[in-house]
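I opened the notebook today to go through this structure piece by piece. These entries record what I looked up, in the order in which I took it.

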Amino acid sequence: MAPSRWRILEGKTAAITGGTTGIGRAIALEYLRQGCNVAINHLGLERDEVHRDSLLEEAAALKAEKVQGESTSKAGDLLEVIGDVTKVETGELLVQKAVEKWGKLDIFVANAGIFQAADFLTWVFAMVGRIYANWIFCRMDHELFDRTVRINLNGAFYTCQAAARQMVKQGHGGSIIGISSISALVGGGLQTHYTPTKAGVLSLIQSMAIALAKDKIRCNAILPGTIKTQLADEDMKNDVKRKYLEQRIPMGRVGNPEDIAGPAVFLASEELSPYCNGTQLLADGGMFVHLQ
Ligand code: NAP
């Protein structure tokens, strides 16, 4: 964690989707620590309550932290907005609430995403149709594929578009960050429904970088390797898979959510990354380049 005294994002406003757990949560906390006000989106489900409550507690603790040279805390404030990113209005509401509270939006992080390992060819017994439901055998649950695309790619598109519209209206630029993945660059046998969505997020960011540069909005992607979050839980619980991943990573460990927070501060900061636009920042401990 970076020392609070830096306050690299002081006075800025950010919005982050999927902000109560994992990578989104780590970014939200680091932005708060760096002096940025943050609106996070979450689904508002009962199972999220515990994460939401502990996040609010951590945010309050950051605000209460005594930092040398500050008479009152310059840590940012946190706002939560409920919504499902597959719905167009969710991104619009998230942006609207942040602007209502803090008057502007400077930084946007499209982070919400899902992953559930699944075999490409395995036949599953699935229900098709609602009224005259039939049970049939089909290849990989197409609902899983559709849902993964809707959340990971459509969700990123809708929310980034809402953020970009606001930033263009304001006229003073901004930074949009898409959380893609190392899976945008390499495949996985149990990821045929997932890797195309992460390649899609990278591609979306690249095209947005061109479309929005004239408005001084920088668009960049972060490509995490394997990060210890609930999304990678299955891999982490599987000893064989975890050991295999660890030996593939030259740094010898899988990542923590906090490993992605620093790169997200860097790309958010106009001072630190003013000429980064359309870039893809791999944060994977060297896994991608590890041939032998
Ligand atoms: P995570 O802890 O599960 O975070 C994903 C968040 O998105 C969760 O809070 C989840 O809420 C939320 N979410 C899911 N569907 C949503 C929807 N329809 N609307 C709004 N929010 C929704 O996992 P993570 O690893 O931090 O993942 C964050 C991003 O990093 C994802 O885009 C993922 O693809 C990417 N990534 C992760 C890894 C890794 O190894 N962990 C590697 C590369 C890239 P719920 O908790 O309620 O489901």
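**Entry 1, the sheet.** In which sense do strand 4 and strand 7 pair, and over how many bridges? I found that strand 4, residues 107-110, and strand 7, residues 174-179, pair in the parallel sense over 4 bridges.

I then traced the whole sheet, which is open, is built of 7 strands with parallel pairing, and runs in the order 3-2-1-4-7-8-9. Strand 3 (78-82) and strand 9 (280-283) each have a single partner strand, so at these edges one side of each is left without a neighbour in the sheet. From one strand to the next, I read an average twist of 20°.

**Entry 2, helices on the sheet.** I looked up helix 1, residues 22-33, and found that it packs on the sheet, where it touches strands 1, 2, 3, 4, 7 and 8. The direction of helix 1 makes about 165° with that of strand 2. Helix 5, residues 195-212, also packs on the sheet, touching strand 7, strand 8 and strand 9, and its direction makes about 165° with that of strand 8.

I listed the surroundings of the ligand and found 30 residues, of which the closest are Gly18, Gly22, Gly113, Thr229 and Leu231. Helix 1 and helix 4 (142-170) are the elements that give two or more residues to this shell, and helix 1 gives the most, with 3 residues.

**Entry 4, the loop between helix 7 and helix 8.** I looked up two residues of this loop, methionine 251 and glycine 255. Are they buried or partly exposed? Methionine 251 has 14 other C-beta atoms within 10 Å and is partly exposed, whereas glycine 255 is buried, with 21 other C-beta atoms within 10 Å; the cut-off I used for buried is 20 or more.

Leaving aside neighbours within four places in sequence, methionine 251 is in contact with Gly285 and Gly286, while the contacts of glycine 255 include Pro224, Lys228, Ala283 and Gly285. I also noted C-alpha separations of 11 Å between methionine 251 and alanine 283, 32 residues apart along the chain, and of 6.0 Å between glycine 255 and lysine 228, 27 residues apart along the chain.

Arginine 7, in the segment before strand 1, has a positive phi of about 45° and is partly exposed, with 19 other C-beta atoms within 10 Å. Lysine 216, in the loop between helix 5 and strand 8, has a positive phi of about 60° and counts as partly exposed, with 16 C-beta neighbours inside 10 Å.

The mean pLDDT of the chain is 93, and 92% of its residues reach 70 or more. Over residues 128-133, however, pLDDT stays under 50, and for this stretch the model has 5 contacts beyond four places in sequence. Where pLDDT is low, the predicted coordinates should not be read in detail.

Key: Residues numbered from 1 in each chain as written. Predicted model: local features only at pLDDT ≥ 70, side-chain atom pairs only at ≥ 80, totals over all residues. Pairing = 2+ DSSP bridges. Axes fitted to C-alpha atoms, helices over the stretch in contact; angles between N-to-C directions. Contact = placed C-beta atoms within 7 Å. Near = placed C-beta within 6 Å. pLDDT = per-residue confidence, 0-100. Buried ≥ 20, exposed ≤ 12 C-beta atoms within 10 Å, placed from the backbone.
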